[in-house]
Amino acid sequence: MNIVISNKDDRPIYEQITSQMKNMILSGKLEEGSQLPSIRALAKDLRISVITTKRAYEELERDGFIITVAGKGSYVAENNSAVLKEEKMKQLEENVRRLIEEAYNSGISKEEVKEIFDICLEEYR
Amino acid sequence: MSILEVKNLCKSYKGFDLNNVSFDIPEGTIMGLIGENGAGKSTIINIITNAVHKDSGTVKLFGVDLENCGPDIWNSIAVVQADCGFPEELTIKNAESVLKGIYKNWDSGKFESYINKLGLDFKKKIKSLSTGMKMKLELAIALSHSAKLLILDEATNGLDFMARNEILDILMDFIQDESCGVLLASHIIEDMERICDYITFIHNGNVVFSENKDDLLDKYAVINIDENKLSELDDKAVVYTDKTQYSSKALVYRNQIPSGFETEKTTIQDIMYFYMKGGK
């Protein structure tokens, strides 16, 4: 596991952790059922606040990526393919939204965006 | 239980009032106590450590009222300042024999390991130590008598980058035990900001805010904007502005900024600066 906390990144630190851990889980770098470092140990390692780390873990748990067993620790959730699919859809939606905003700012019309999108889809198939 | 609970603390001096100061350090957390020089941080610390009497309000250490604290509680509190108060001619070894007599829970093994870890030398005299080394010695002492509350009073000022990082690691080590807490008082927190769980900001003897740090960073943002555009923003969204001849910046409530305005991540230092400067 390798987490990079950057001051240049505009997102809050807990979000930097959750997004990187999600990516590691989605890509299989962090395997189902594998144990994660404790909140305090990770906070120490990254030299960040315990509460920030706790918040990251809580959000990962809420989104179904990890589970926490009281007194034992946190683990990568098993059988989470539905969660993974949903997360990927969410990421895609965000990317599309960004594209649309970019198009809108450059004065490209709705029809033109659709056209480009269809052409690309067609090419990919 | 809170490690430290301060409630409605008041103290009047000629020309300075500490007004209704309240904050809490929950177990296993680090509190940053920030404010400019003379804001009241040292007065608060002096009251907590019983060096100065308060006028009113309550202070509880490990759940016990200040007035009822016995030697056990005083032994579990350590104050670290930039300058240690030892006679200059003593060596670190000499100083340790004095400390053994003072602290019931003195752990020589632990002290030795910290002295080595921090690159200090038992044979060195206090007078030959640099500011950074004196501070490290203080920290080693604090960690060798099983303190549960560590108070750092402007302790990391003037330390170089490497030393500050060493201190960060030691504090994070300390906080691995969930029954411990840290009060980090400084007018400048810079890189220490990252490890703070809570921030209490004191200005002219008053608490401006005492909150979870992540919530603060979520709540506020900085916006770089020209003056005309600034006036388009809702007055309630703008906390403070900072205008110079060629640029203007504003501290804003992030959730009240319409999309299309580019906001920047803020730091506690930024928030403090805007509050101290004031003015819209």
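Guide: Happy to. A word on one term before we start: the radius of gyration used here is taken over C-alpha atoms, and the globule rule is 2.2 Å times the number of residues to the power 0.38. Please keep in mind that this is a predicted model.

With that rule, a compact globule of 125 residues would come out near 14 Å, but chain A has a radius of gyration of 18 Å. Along the principal axes, the C-alpha atoms of chain A fill a box of roughly 55 × 35 × 20 Å. Of the 125 residues in chain A, 21% are buried. As for contacts in chain A with a separation of 6 or more, 49% of them join residues 24 or more positions apart.

Next, the elements. Chain A has 5 helices and 2 strands, and from the N terminus on they follow the order α-α-α-β-β-α-α.

Now to the part you asked about. Where chain A meets chain B, 13 residues of chain A are in contact with 18 residues of chain B. Helix 2 (39–46) and helix 3 (50–62) of chain A each supply at least two residues of the side that touches chain B. Helix 3 of chain A gives the largest share of that side, 4 residues. Sorted by class, the side of chain A that touches chain B holds 6 nonpolar, 5 charged and 2 polar residues.

How values were computed. Residues are numbered from 1 along each chain as its sequence is written. Chains are lettered from A and ligands numbered from 1 in the order in which they are written. This is a predicted model: local features need pLDDT of at least 70, side-chain atom pairs count only at pLDDT 80 or more; totals for chains, interfaces and linings use all residues. Two residues are in contact if their C-beta atoms, placed from the backbone, lie within 7 Å. Ala, Val, Leu, Ile, Met, Phe, Trp, Tyr, Cys and Pro count as nonpolar, Asp, Glu, Lys and Arg as charged, and the others, Gly among them, as polar. A residue is buried if 20 or more other C-beta atoms lie within 10 Å of its own, exposed if 12 or fewer, and partly exposed in between; C-beta atoms are placed from the backbone.
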